[in-house]
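Work through the exercises below with the structure open. Try each task before reading its solution.

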Amino acid sequence: MGAIIKAIEYIYPNNKITNTDLSNQFPDYDFTKFEEKVGIKNRYWVDENETALDLAIKACEKLFLRFSKDAIDYVLYCTQSPEYVLPTTACILQDKLGLSKNIGALDFNLGCSGYTYGISLAKALINSNQAKNILLVTSETYSKYLHPLDRSNRAIFGDAATATLISFDKKEGVGEFLFGTDGSGYDKLIVKNGGSKFSYNPNAEEISYGTNNIYTDNHLYMDGPEVFNFTNEVIPNFTKEVLHKNNLNVEDISQFVFHQANAFMLNFMRKRLKASKENFFVDLEDGGNTVSCTIPIALKKYSQSILDESSVIIVGFGVGLSWSGGLIKINNKL
Amino acid sequence: MKKDDFISGLQEELEIETTLETTTNLKDLEEWDSMAAMLLIGYVSNEFAVTLNADSIKNITTVESLIEMIGLDKFN
């Protein structure tokens, strides 16, 4: 007995931003090399009045075209773009979706490691007999945190929402998971103002960083080199530990689905792991880095091509600093 | 590694069109940007197992300064 991932749906906002659109905004920068190395052609951003909750509702409704919402008995909502400081967005989602009132619902604040955490939590809830059909939602609108003149991050991040149904099953479809945390890197990827330590500052000073990028402490800041180094130093070995924990080798894995952060970085890690291109998912062209949404989007895409049971290693890493990963088994189109 | 091999490898990795000299200031190159910094970090990490952090990137000037940062003992 165990838990299996039954289905995934995802949604992007309507507003599509191509590299040509960005070139028009930043005429001094050539996006050709960016497109080739980072692998992103376009991303989608919400309009001013649209929120992550709006996207989440759409993704869930897409899922409910295939599965009854009445069976849902727990909602795990992963976001760093909550509707309010309080209450918990998952409670509003329960009402908007018309889910049963006899369910558990909570938000958890993680970024790129969020989906892998969510799968592990869902497995734990099911295997401890606390829930049978879990709705795991990831929804993120980092575009709201980006400074208008932060060219690098505007090129990388896109908005999206995903909805995954994880259900009780006779077979175990979720293997062993491992976790990692290093809070000493909390300020490597941060929105400093607006929480309880520093309130939003309408007169925040504009700070220049990297190559002519600008942000303020009200906006998202990312120390690119540090995040890149952390990922390359920690994640390949961590992935080997995840394999070991599941008694598997690199060759046993049908597909490695890592958080889709940046194509260059993914290939860099792939080589360290000695995995072949065919067994390592890289596709950021349409949508870019959508934080906790990249892994479920990648799983949905990958599952369209599978013919029999597929062993997949999923690994998420980023803001926190936080990372987690584990084994899942997929045997149908999600 | 020979300095010359390092410099030609650097030129290739960063896709720099002009010829690099030890005296070339990397920050003055048209190709220098955060993407180039990422490629540089990857190249140096693979070739020397040396990690360039944000501060090292900020402090790089000429190719020679990069070589010193990596460590002269790693070159022959």
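pLDDT is the predictor's confidence in each residue, on a scale from 0 to 100. It applies here because this is a predicted model.

**Exercise 1. Confidence**

Task: Find which helix of chain B has the lowest confidence and which has the highest.

Solution: 
- Start with the chain. Chain B averages a pLDDT of 89. At least 70 is reached by 100% of its residues.
- Go to the elements. Confidence is lowest in helix H3 (residues 54-59) of chain B, with a mean of 87. Helix H4 (residues 63-70) of chain B is highest, at 93.
- ipTM is 0.78 and pTM is 0.94.

**Exercise 2. Annotated domains**

Task: State where UniProt places the "Carrier" domain, and give the helix and strand content of that span.

Solution: 
- UniProt, in an unreviewed entry, puts "domain: Carrier" at residues 1-74 of chain B.
- That span is 54% helix and 0% strand. Its end C-alpha atoms are 7 Å apart.
- Now turn to chain A. An unreviewed UniProt entry lists "domain: Beta-ketoacyl-[acyl-carrier-protein] synthase III N-terminal" at residues 106-183 of chain A. Residues 106-183 of chain A are 26% helix and 37% strand, with end C-alpha atoms 23 Å apart.
- For "domain: Beta-ketoacyl-[acyl-carrier-protein] synthase III C-terminal", UniProt (unreviewed entry) gives residues 243-330 of chain A. Residues 243-330 of chain A are 27% helix and 25% strand, and the end C-alpha atoms lie 17 Å apart.

**Exercise 3. Two helix pairs**

Task: Describe how H3(A) packs on H4(A), and how H7(A) crosses H8(A).

Solution: 
- Helix H3 (residues 52-63) and helix H4 (residues 89-97) of chain A pack at about 45°, with axes 10 Å apart.
- By class that is seven nonpolar, one polar and one charged.
- H3(A) passes H4(A) in a right-handed crossing.
- The axes of H7(A) and H8(A) come within 9 Å and cross at roughly 35°. This crossing is right-handed.
- On H7(A), the residues include Phe228(A), Ile235(A) and Pro236(A). Their partners on H8(A) include Met265(A), Phe268(A) and Arg272(A). The contact has seven nonpolar, three polar and one charged residues.

**Exercise 4. Backbone exceptions**

Task: Locate the cis peptide bonds from Leu86(A) to Pro87(A) and from Gly320(A) to Leu321(A), and the positive phi of Asn129(A).

Solution: 
- Recall the background. Most residues other than glycine have a negative phi, and most peptide bonds are trans.
- The bond from Leu86(A) to Pro87(A) is cis, with omega near 5°. Pro87(A) sits in the loop between strand S4 (74-78) and H4 of chain A.
- The bond from Gly320(A) to Leu321(A) is cis, with omega near -5°. Leu321(A) is in the loop between strands S14 (310-318) and S15 (322-330) of chain A.
- Asn129(A) has phi near 65°. Asn129(A) lies in the loop between helix H5 (114-127) and strand S6 (133-140) of chain A.

Key:
Residues are numbered from 1 along each chain as its sequence is written. Chains are lettered from A and ligands numbered from 1 in the order in which they are written. This is a predicted model: local features need pLDDT of at least 70, side-chain atom pairs count only at pLDDT 80 or more; totals for chains, interfaces and linings use all residues. Axes are lines fitted to C-alpha atoms, for helices over the stretch in contact, and angles run from 0 to 180 degrees between N-to-C directions. Helices (H or I, at least four residues) and strands (E, at least two) are DSSP runs, numbered from the N terminus. A crossing is left-handed if the near helix is turned anticlockwise from the far one by less than a right angle, and right-handed if clockwise. Ala, Val, Leu, Ile, Met, Phe, Trp, Tyr, Cys and Pro count as nonpolar, Asp, Glu, Lys and Arg as charged, and the others, Gly among them, as polar. UniProt positions are given in the numbering used here, feature names are shortened, and annotations may be inferred rather than shown by experiment. Two residues are in contact if their C-beta atoms, placed from the backbone, lie within 7 Å.
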